[in-house]
Amino acid sequence: MVLPSLKLQDLIEQIRGAKTQAQEREVIQKECAHIRASFRDGDPLHRHRQLAKLLYVHMLGYPAHFGQMECLKLIASTRFTDKRVGYLGAMLLLDERQDAHLLITNSIKNDMSQGVPAVQGLALCTLSTMGSAEMCRDLASEVEKLLLQPSPYVRKKAVLTAVHMIRKVPELSSIFLPPCTQLLRERHHGILLGTVTLITELCERSPAALKHFRKMVPQLVQILRTLVTTGYSKEHSISGISDPFLQVQILRLLRILGRNHDESSDAMNDLLAQVATNTDTSRNAGNAVLFETVMTIMDIRSAAGLRVLAVNILGRFLLNSDKNIRYVALTSLLRLVQSDHSAVQRHRPTVVECLQEPDASLSRRALELSLALVNSSNVRAMMQELQTFLSSCPPDLRADCASGILLAAERFAPNKRWHIDTILRVLTMAGIYVRDDAVANLIQLIGGAQELHAYSVRRLYSALAEDISQQPTVQVATWCIGEYGDLLWEGSCEESEPLQVEEEEVLTLLERVLQSHLSLPATRGYALTALMKLSTRLRGDNNRIRQVVSVYGSCLDVELQQRAVEYNALFRKYDHMRAAILEKMPVVEPSGPQADEEAKESGEAVPSPSEPQASKLMDLLDLLDGSSGEAQQLPPMAPSPEDSLVHLLDLPCDPPAPACSSSAAHPAGAPPLPVDDGTRCLRPTRELLLSPTPAPIPNLRVFEREGLQINLSFVRPPETPSLLLITVTATNTSGGDVTHFICQAAVPKSFQLQLQPPSGDTVPAQGGLPMTQLLRILNPNKAPLRLKLRLTYTHFGQSVQEIFEVNNLPVETWQ
Amino acid sequence: MQFMLLFSRQGKLRLQKWYVPLSDKEKKKITRELVQTVLARKPKMCSFLEWRDLKIVYKRYASLYFCCAIEDQDNELITLEIIHRYVELLDKYFGSVCELDIIFNFEKAYFILDEFLLGGEVQETSKKNVLKAIEQADLLQEKTEYVSQQEVLWV
């Protein structure tokens, strides 16, 4: 006995009545079985009902592909009911990636040429929703015929279908361009709207079409003028604005026609001024038209007065009580700030007020705009506002705000002291959100401002005494105290309040930093070094410092331990050199990329200024102790043809790989060069002579999204067959910076993976300096390489996380 | 317009109209992510947000969210009017529409939308004309046989 299948309404009731996901699935599965059965051998009269049920189920997320053929059958039926549901099904279930979609082309053709208007409408609607390029080519002439149909209902749909066809197959423009002239004379709003849309589409795709339609500017101006002044038609109006949809569309077309064309722009000037001043702005519809007008004015060659009017309208929008209007105003002003800077500057106070918006999307826009408006004359006031904002803004905006402030400070700082103060304040307020190089930059800045050493060290000391938790501030402060600590207890400073500091207090503070669990390992390194430096600047004796240093000689943290041991050695064996080694540092040259290179090579995250000192120390000890340092210099190879055999037998097996020679101080993980491999070299030597030099492994583009591209380049150093070096390069061609970029990698268990620190975490926009990161993969078993990458970053204000496996890895990476 | 989605406060999809070709899998992914993003917005926030490389315009009417994805050069404010016009049409057709009407008569909701928008663009700016077209299509549906051209007058 076959259970009767449910009516659509009953099915929906049952599904909604299901208490659990499992129950719902059960109901649906049962019903789908019925539907499938009825498709096979059910009554064709009720087929449309079965399909309707299937479409409902599809919307809930269940598979419905078995309904595709039914759509075809229903479309081909002569009953309107069937066609209606069939076409709906086609739009929902068929898509151009599957060949099945082409099967409806014939039905559509028939319906367009022979159907009643309602049916023609269905066919056109379906074609414009899911019509593929192939279908469009086949049916173009049919649609062209329908443009001349007596029924306006069909004509308006045909025009918009033409728009879709041109989007899919731009060559069809030639068919649909000629009718436009006639269509523009129509009185029917729907057809007019469609025609304006069609002309817009044509002009955007072809400069020839653009030139052709510029002749119609007067006509368009006239249509719009009629709408605005006399064309009050109750059925087309919204809140007293005549057909705002049509107005907006015409304004958009005028924008395209007037762009870079004086004559056309002149022809529209008056009308635009009229619309800008006469449109009622009490409701959204009017504001929508006004907004489009402003955009058009700003984009064409309009008179200066008109441009100012437009920017002022945007300024007024900023004060509107409607959030949406304010948002739109901020976005537009941001677009205009480059081209019409002074006009936008006039609205700076209002923009700054918008920073207080509770809505995060608005305050973000306001922040971007505020940062763009900072210049040398308003920098102090703006920084004040922005810092106030920083202290209270939501966390996801803090990083952008902090970086923005620091950048602006760098560009427009009136004097060094102000600059130092500003950076310090930002670090104190939002230390964890700033970029890694902020600390380095500040240190450089302080180091270079000799006259401000006393001032800086006092300020930093006070800041540190108050709070030792903000790591960037602590790092800068400890460095400063180490360098200029003597200025704390000697000499006075006119610029700040008198500060009485005892040497013991300073030492206590540094020890606190050293011991605090809040301090990062890098910070503790700073503190230890600072203590060491003070040993030459103290007036009293060094016993306390010596004690601390010797205690840390057995610290679990390897970095600290190494430092402590070396400093200890300095105290014991090389005391006579201590003063010279620990004297004040020379001014460090500001060099961004170079600093990154050094950091990368030494494999540490410690910023550059401390490097010269630390490595100076280590180099000195190296010379004295005679131990080999980390630097592994490979002998340059220049094999001459006739001696190649001899050379290859004597010297290390293979010529140095390019990767190894570029980073001279390769991290300690690099295997030492085989020196006495004379015998082992015999076999590989012959192979090398006969086989060609290994071709470089091609680069691989592994990721692309909104302008951010990730490329991998591979190197297999020949002397270490199991090692693969991958350099990840991130470039950004979009208009927005990519920030907080973190790349992580995963490989199968048999591999060993080591990630070097990246060159930075920001990929600047517009093709700025790419970010690079080195991956070292050891593959002793020569197993096929599989690599998964995980990227997290912020781009255009959105956090992005992408996890993907890298496909198409060249075989040379692991064989 | 690239697509329009209607969904409830629980994230259940009530209508989906796609004007760009995407695979089923991609559509599901986009829907899931977008629904999450919009539902996470607080009530006082503005109706616009940037998502991937699209602009999203959304408005909540009672228990339903109407969500449109438009392109960079499209006017957000007029999109709000488009959404509002669609709601008005539904309201007129169903007589004080509520979410249940759209659930139980989802095909009608699609048919109405298809008389208002075509290929992602507005095709008819007169409320009267859209409703008349639907009315006449419904009449046509009631007759089971193929109707000849003279019997129905089209606007």
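Me: Happy to look at this predicted model with you. Is A:Arg459 buried, partly exposed or exposed?
Reply: The relative accessibility of A:Arg459 is 28%. Buried would need a value under 20%, and exposed one over 50%. A:Arg459 therefore counts as partly exposed.

Me: Which residue forms a salt bridge with A:Arg459?
Reply: The closest N and O atoms of this salt bridge are 2.6 Å apart, which is inside the 4 Å limit.

Me: Over in chain B, which residue meets B:Lys55 in a salt bridge?
Reply: B:Lys55 lies in strand E4 (residues 54-61) of chain B, and its partner is in helix H2 (residues 76-94), 21 residues apart from it. Both members of the pair are buried. At 3.3 Å from N to O, the side chain that B:Lys55 meets is that of B:Glu76.

Me: What area is buried between chain B and chain A?
Reply: The size of an interface is often given as the accessible area lost when the parts come together. Here 70 residues of chain B and 75 residues of chain A take part in the contact. Carbon and sulfur atoms give 56% of the area buried between chain B and chain A, which is about 6600 Å².

Me: How many salt bridges does the rule find across the interface of chain B and chain A?
Reply: B:Glu115 and A:Lys157 form a salt bridge, their closest N and O atoms being 3.2 Å apart. A network of salt bridges links A:Arg167, A:Glu201, A:Arg205 and B:Glu121. While the structure holds 42 salt bridges over all chains, the number across the interface of chain B and chain A is 7.

Me: How many residue pairs are in polar contact across the interface of chain B and chain A, and which element of chain B gives the most to the side that touches chain A?
Reply: The rule finds 25 residue pairs in polar contact across this interface. Several elements of chain B each supply at least two residues to the side touching chain A, including helix H1 (24-39), helix H4 (106-116) and helix H5 (127-142). The element that gives the most, with 9 residues, is H5(B).

Me: Where in chain B does pLDDT stay under 50?
Reply: Chain B has a mean pLDDT of 90, and 92% of its residues reach 70 or more. Where pLDDT is low, the predicted coordinates should not be read in detail. In chain B, the stretch that stays under 50 is residues 145-151.

Methods: Residues numbered from 1 in each chain as written. Chains lettered and ligands numbered in written order. Predicted model: local features only at pLDDT ≥ 70, side-chain atom pairs only at ≥ 80, totals over all residues. Heavy atoms only, no water. Buried < 20%, exposed > 50% of the residue type's maximum accessible area, 1.4 Å probe, protein only. Helix = DSSP H or I, 4+ residues; strand = E, 2+ residues; numbered from the N terminus. Contact = heavy atoms within 4.5 Å. Buried area = accessible area lost by both parts, 1.4 Å probe. Polar contact = N/O pair within 3.5 Å; in protein donor to acceptor, adjacent residues only side chain to side chain. pLDDT = per-residue confidence, 0-100.
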